[in-house]
Amino acid sequence: MIKYELLPKQLLHEGTCIDENFFAPEIPNDKHIVAAHDPEYFYDLLNLKIPHKEARKIGFPLSENLVERERIIADGTMKACEFALEFGVAMNIAGGTHHAYSNRGEAFCMLNDQAIGARYLQSKKLANRILIVDLDVHQGNGTAEIFQKDDSVFTFSMHGAGNYPFKKETSNLDIPLQKGTGDKEYLSILKETLPVLIQKHRPDFIFYLCGVDVLDTDKLGTLSLTLSGCKERDEYVLMTCKYHGIPLQCSMGGGYSKDIKTIVEAHANTFRLAVDIFS
Ligand SMILES: [Zn+2]
């Protein structure tokens, strides 16, 4: 998608970031991937041996390049986890592949970057109790399934009730929102919920899936946030993590507004806020 090229260009151009703020992920060790995914599924993916019917659910023809790209995205999230521990916050300019289940892919997601990141932190004993805040307009069904039986990772998804996936999984907390939900209602629900989750689950690390497909201009999303409402959402999550001193990794997730400028602007806002709040 073109946004992945335009977003870093915009951030450099406006001076939000300098070259040194970027890192380049690589192909990670398989062991990190199979900590979150069924090894049989992962090696089928790697060898392009996913059965045709299952491959169709992913949505694009599988190729070596695509699988490699997905592995590199997962590494981006793992590296961002380490930078978040160092700097308080770090972002993956891609990522948010929350429709990938432990043993199958769906909706353009093959490997679940934040689930892999969570397992990575736990295996290195860098974090123990994790909270995943998924505010993409689509439910984090794959993430919910991966951590279904794991009390150490709390999955929270706030999404459009009428959006894909139509058969939703059960997260630790799901808040489905009605079509047309706007800034005021959305933000008040978020502000009532997030502090309670932090208080109850006591996470030592937070993953944030900050999809901008919650905008009213989005072609797929059923919600109606304005650009400034979406920015206030990000600001609230970032400020809350900063206030509690909990490191935060962000993956960009979806954004399908008609005008590419809107998408880039909404994602750039997340980075601008991170710079303002954490430096
Ligand atoms: Zn989405």
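Biologist: On a 1 Å grid over the protein atoms alone, a pocket is an open set of points with protein on both sides within 12 Å along at least five of seven lines, while a cavity is a set where a 1.4 Å probe fits but cannot get out. How much space lies in the largest pocket here?

Modeller: About 820 Å³, where a volume is the space filled by probe spheres set on the points, and points are joined across faces, edges and corners. This is a predicted model, with residues numbered from 1 along each chain as its sequence is written. Local features need pLDDT of at least 70 and side-chain atom pairs count only at pLDDT 80 or more, but totals for chains, interfaces and linings use all residues, and side-chain values use heavy atoms, without hydrogens or water.

Biologist: OK. Which residues lie nearest the centre of the largest pocket?

Modeller: Asn21, Phe22, Phe23, Met91 and Phe271, out of 28 residues that line the largest pocket; a lining residue has an atom within 4 Å of a point. Helix 5 (64–87), strand 1 (89–92) and helix 10 (260–278) each give two or more residues to that lining. Helices (H or I, at least four residues) and strands (E, at least two) are DSSP runs, numbered from the N terminus.

Biologist: Which element gives the most?

Modeller: Helix 5, with 6 residues in the lining of the largest pocket.

Biologist: How does that lining split by class?

Modeller: The lining of the largest pocket has 20 nonpolar, 6 polar and 2 charged residues. Nonpolar covers Ala, Val, Leu, Ile, Met, Phe, Trp, Tyr, Cys and Pro; charged covers Asp, Glu, Lys and Arg; the others, Gly among them, are polar.

Biologist: And how much space lies in the second largest pocket?

Modeller: About 540 Å³. The second largest pocket has 26 lining residues, and Met1, Tyr4, Ala107, Phe108 and Tyr256 are the closest to its centre. Two or more residues of this lining come from each of helix 1 (3–14) and helix 5. The largest share comes from helix 5, at 4 residues.

Biologist: What classes are in the lining of the second largest pocket?

Modeller: There are 12 nonpolar, 9 polar and 5 charged residues in it.

Biologist: Helix 5 again. How does helix 5 sit against helix 6?

Modeller: The axes of helix 5 and helix 6 (residues 113–123) cross at roughly 50 degrees and come within 8 Å. Axes are lines fitted to C-alpha atoms, for helices over the stretch in contact, with angles from 0 to 180 degrees between N-to-C directions.

Biologist: Which residues make the contact?

Modeller: Helix 5 supplies Ile73, Ala74, Thr77, Met78, Cys81, Glu82 and Leu85, and helix 6 supplies Asp113, Gln114, Ile116, Gly117, Tyr120 and Leu121, with contact meaning heavy atoms within 4.5 Å. By class, the contact of helix 5 with helix 6 has 8 nonpolar, 3 polar and 2 charged residues.

Biologist: Different topic. How do helix 8 and helix 9 pack?

Modeller: Helix 8 (residues 183–201) packs on helix 9 (residues 227–244) at an angle of about 15 degrees, with the axes 10 Å apart. Among the residues in contact are Tyr186, Leu190 and Leu194 of helix 8 and Arg233, Tyr236 and Val237 of helix 9. This contact divides into 8 nonpolar, 3 polar and 4 charged residues.

Biologist: Last one: how many cavities of 30 Å³ or more?

Modeller: The count is 1. The largest cavity holds about 30 Å³ of space, and its lining consists of Ile132, Asp134, Gly140, Thr143, Thr155, Phe156, Ser157 and Ser171. Strand 2 (130–134) and strand 3 (153–160) each give two or more residues to that lining, with the largest share, 3 residues, from strand 3. By class the lining of the largest cavity is 2 nonpolar, 5 polar and 1 charged.
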